[in-house]
Amino acid sequence: MSTFKILKYPDKNLRKIAKPVKKINKKIKKIIHKMFNTMYLYNGIGLAATQVNINLQIIVIGIIKPLRNPLILINPKIINKKKIIMSEEGCLSVPKKFFQVPRYNYLKLYSLNHDGKKNIISAQSNLSFCIQHELDHLKGKLILDY
């Protein structure tokens, strides 16, 4: 099983702002596959490409209720959000620590999937929190910043 090394805080590469994916090709699909392997190896529920030192807007998310299948978000953009509440979160890049973080309880976002198809996704509660957490990584932001 092929995996990546997860960057740990205070690695400065965690602060890089990810660039949009220009073309979804075999290389991008291989990165996505390796990201899932890495996330599952470390018992994570989500992983952003910046956490594995890849400066691209790619997020993978494992199965979180009510999600039935893993989720791939390429070039994600939030288009609607509602109601901030506190979420207790951990992070593979800041191991064994948990933080209270303000997150939107609901969001709607646009992204591309691994085939380049446009998706509009609505998410609530844990799925919404996970997506926002990973979106923060793409902007170079960590849970420590809250």
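Two strands are said to pair if DSSP finds at least two bridges between them, and the helices (H or I, at least four residues) and strands (E, at least two) are themselves DSSP runs, numbered from the N terminus. This is a predicted model, in which local features need pLDDT of at least 70 and side-chain atom pairs count only at pLDDT 80 or more, while totals for chains, interfaces and linings use all residues. Residues are numbered from 1 along each chain as its sequence is written, and side-chain values use heavy atoms, with hydrogens and water left out.

With that in place, β1 and strand β2 (residues 58-61) pair in the antiparallel sense over 3 bridges, and G46 stands opposite I61 in β2. Both strands belong to an open sheet of 5 strands, ordered β1-β2-β3-β4-β5 with antiparallel pairing. Because β1 and β5 (118-124) stand at the edges, each with a single partner strand, one side of each is left without a neighbour in the sheet.

Y42 is partly exposed, with a relative accessible area of 41%, where buried means under 20% relative accessible area, exposed over 50% and partly exposed in between (1.4 Å probe, protein chains only).

A search of the whole structure finds 0 disulfides, a disulfide being a pair of cysteine sulfur atoms within 2.5 Å. The sulfur of C91 is 10 Å from the closest cysteine sulfur, in C130, and therefore too far for a bond. C91 is buried, with a relative accessible area of 9%, and C130 is buried too, at 6%.
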